[in-house]
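User: I would like to learn about the ligand site of this protein. Can you take me through it in questions and answers?

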Amino acid sequence: EWALRGAARIVKEVKNPVTGEITKHVITRGINDFKFCQELGDGSYSTVVLATSIHDPFKKYAVKILNKAYLVRQKKVKYVNIEKQALQRLNNSKCVIKLFYTFQDEQSLYFLLEYAPSGDLLALMKKHGSLSEDCTRYYSAQIIDGIDYLHKHGIIHRDIKPENILLTEDMKVKFTDFGTAKILDKTNVNGNNEYDLLTRSNSFVGTAEYVSPELLNDNYVDYRCDIWAFGCILYQMIAGKPPFKASNEYLTFQKVMKVQFAFTAGFPLIVRDLVNKILVKDPNKRLGVKDIKSHFFYESIPFNILWDLPPPPIG
Ligand code: ATP
């Protein structure tokens, strides 16, 4: 029932330097090929540990370890398979944590992931209280470009929040935690074989502060829930707190349903304008990715070389 092998099998192509001939070698990777180091973090269903390869001690990985019995008890097996499938589909992306290998032993499942050494976006915002306009522009441009990439590949994340946005050594954003993603298949859309992003899904709630009003009001979401979450994060970068926050989930939901939020003193007008056009109750009236990218706030951002831009001084 687990969509994982005991050891990962990788086909490596080796080119003969003299003849140029390419030979294929099958190598396997299992738990004994890695040295486990300190714990990096704890999720609801997993522990994430730093590891190095015994074949290359300079190569670091983040290993997500999931306890099989616990997953079965909590009925979360489905989510593990979704995470693997989503990461595999997105494996060539600049904006998604890379999945190198998966394997299992008697007790656990192992996801060998790209290690993001600069922590997550929540920790970054907490450390500095809030972000400058320049930093907000830099990080949010990557997030919206990343969301665009996910959607173009038929993946709706559905739980975008600062904890799920990790940072590489050179401060580039990387989405993680795809366990609750919606993976679309290509269908006939207006005569073309493509992903129908308007596919609705229900019976799912992400995280209270970032959940979209259509989920609470009408019990459905489509790709535009990720855009809503983006609007919340954009607000949070400047304000230092999410727009919809109350002492408990119920009260948070009330605020989301009424789109009841206020800008903090000194909140830049240009970002207010953008937030006001994204945090719109009716998803049909919410700004789309294309219009967000061409908003005046991103006028100085060349999206074609976005991922090569150096980060601004933090603050
Ligand atoms: P959740 O409770 O959000 O469902 P989870 O069980 O899916 O959590 P993750 O959120 O993926 O687990 O990971 C838990 C923590 O481990 C993260 O908050 C982060 O601090 C750390 N972590 C996860 N992946 C990486 C990585 N690739 N590089 C560095 N740290 C990581």
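Analyst: Here are some questions on the ligand and its surroundings. The model is predicted: local features need pLDDT of at least 70 and side-chain atom pairs pLDDT 80 or more, while totals for chains, interfaces and linings use all residues. Residues are numbered from 1 along each chain as its sequence is written, and side-chain values use heavy atoms, with hydrogens and water left out.

User: Which strand gives the most residues to the shell around the ligand?

Analyst: Strands are DSSP runs of E with at least two residues, numbered from the N terminus. Strand 4 (46-53) and strand 5 (60-67) each give two or more residues to this shell. The strand that gives the most, with three residues, is strand 3.

User: What distance separates a polar side-chain atom of aspartate 177 from an oxygen atom of the ligand?

Analyst: Aspartate 177 is among the closest residues to the ligand. Its polar side-chain atom lies from the ligand oxygen at 2.9 Å.

User: How many nonpolar residues does the shell around the ligand have?

Analyst: Ala, Val, Leu, Ile, Met, Phe, Trp, Tyr, Cys and Pro count as nonpolar. The shell also has four polar and four charged residues. Its nonpolar residues number eight.

Note on methods: Near = heavy atom within 4 Å. Polar contact = N/O pair within 3.5 Å; in protein donor to acceptor, adjacent residues only side chain to side chain. Helix = DSSP H or I, 4+ residues; strand = E, 2+ residues; numbered from the N terminus.
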